[in-house]
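Hi there,

Here is the structure I promised to pass on to you. Have a look at it first, and then read my notes below.

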Amino acid sequence: MKSDSIAVDVPAESSSAIKGKAPLLGLARDHTASGSYKRGLSIFDFLLRLAAIVAALAAAATMGTSDETLPFFTQFLQFEASYDDLPTFQFFVIAIAIVAAYLVLSLPLSVVTIVRPIAVAPRLLLLVLDTAALALDTAAASAAAAIVYLAHNGNTNTNWLPICQQFGDFCQKTSGAVVSAFASVTFLAILVVISGVSLKRP
């Protein structure tokens, strides 16, 4: 009596199928490495925003409180120098205050990029807004720096005399404000670079 044997053929996976599955593990590892890399960039981004906020607030506060009065012969006749005497310094205070406010409002979005490092939309939004803030900050700092230079050195071609020999405290405060503004410009420029790099990396 013959026993009927039933043979079940199990097709072996071809080498091409095995090769097709192998990259999935590699992609998973690359995805994790990319996420940790972007999370590190996001933490650095958050710290830079804090530093830029401090620099911008220091610049706006220093310029906004720059005021000096010099008595001339009598107490009724005085010379006064204040930031609101010059439209450029007024623009500086307003623009830097706007930049500082934006940086404060951008902190929650920066936290989102830390929690979700792979998300593209928050990084893209931060990149666009940071670029606009950088342009405004640079314009304000550059314009104020030009006026501070004239206050220190004057211009003989237009008979503009330097006033810093008389208004030393005023010039010192405005110079400090410009230095702080350029510090915030540097921080913003680094933020733009970080956002661009994190968007490009797969």
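The largest pocket has a volume of about 300 Å³. A pocket here is an open set of points on a 1 Å grid over the protein atoms alone, with protein on both sides within 12 Å along at least five of seven lines, and lining residues have an atom within 4 Å of a point. Grid points are joined across faces, edges and corners, and the volume is the space filled by probe spheres set on the points. Strand E2 (74–82) and H3 are the elements that give two or more residues to the lining of this largest pocket. Helices (H or I, at least four residues) and strands (E, at least two) are DSSP runs, numbered from the N terminus. In total 15 residues line the largest pocket, and Leu86, Ile147, Ala151, Ile163 and Phe170 lie nearest its centre. The lining divides into eleven nonpolar, two polar and two charged residues; Ala, Val, Leu, Ile, Met, Phe, Trp, Tyr, Cys and Pro count as nonpolar, Asp, Glu, Lys and Arg as charged, and the others, Gly among them, as polar.

A word on the model itself: it is predicted, so local features need pLDDT of at least 70 and side-chain atom pairs count only at pLDDT 80 or more, while totals for chains, interfaces and linings use all residues. Residues are numbered from 1 along each chain as its sequence is written, and side-chain values use heavy atoms, with hydrogens and water left out.

Now for the overall picture. The protein chain has four helices and two strands, which follow the pattern α-β-β-α-α-α along the sequence. Of its 202 residues, 33% count as buried, where buried means under 20% relative accessible area, exposed over 50%, and partly exposed in between (1.4 Å probe, protein chains only). Among contacts between residues at least 6 apart in sequence, 76% join residues at least 24 apart; contact means heavy atoms within 4.5 Å.

The UniProt record, an unreviewed entry, lists residues 46–64, 89–112, 124–151 and 177–199 under "transmembrane region". Its positions are given in the numbering used here, feature names are shortened, and annotations may be inferred rather than shown by experiment. In the model, residues 46–64 are 100% helix and 0% strand, with the end C-alpha atoms 27 Å apart. Residues 89–112 are likewise 100% helix and 0% strand, and there the end C-alpha atoms are 35 Å apart.

Alanine 151 is in helix H3 and counts as buried because its relative accessible area is 12%. Leaving out residues up to four places away in sequence, alanine 151 touches Pro162, Ile163, Cys164 and Cys171. Its C-alpha atom is 5.8 Å from that of cysteine 164, which is 13 residues away in sequence.

Aspartate 130 is also in helix H3, which covers residues 121–153. Is aspartate 130 buried or exposed? Aspartate 130 counts as buried because its relative accessibility is 0%. The side chain of aspartate 130 makes a polar contact with the side chain of arginine 49 at 2.6 Å. A polar contact is a pair of N or O atoms within 3.5 Å; within protein, one must be able to donate a hydrogen and the other to accept it, and residues adjacent in sequence count only if both atoms are side-chain atoms. Beyond residues up to four places away, aspartate 130 touches Arg49, Tyr102, Leu191, Val192 and Ser195.

Finally, the structure holds one cavity of 30 Å³ or more, a cavity being a set of grid points where a 1.4 Å probe fits but cannot get out. The largest cavity has a volume of about 50 Å³ and is lined by Ser42, Asp45, Thr113, Arg123, Leu126, Ile194 and Ser195. Helix H1 (15–64), H3 and helix H4 (168–200) each supply at least two residues of that lining. Serine 42 is in helix H1, and its side chain reaches the backbone oxygen of threonine 113 at 3.2 Å.

Enjoy exploring!
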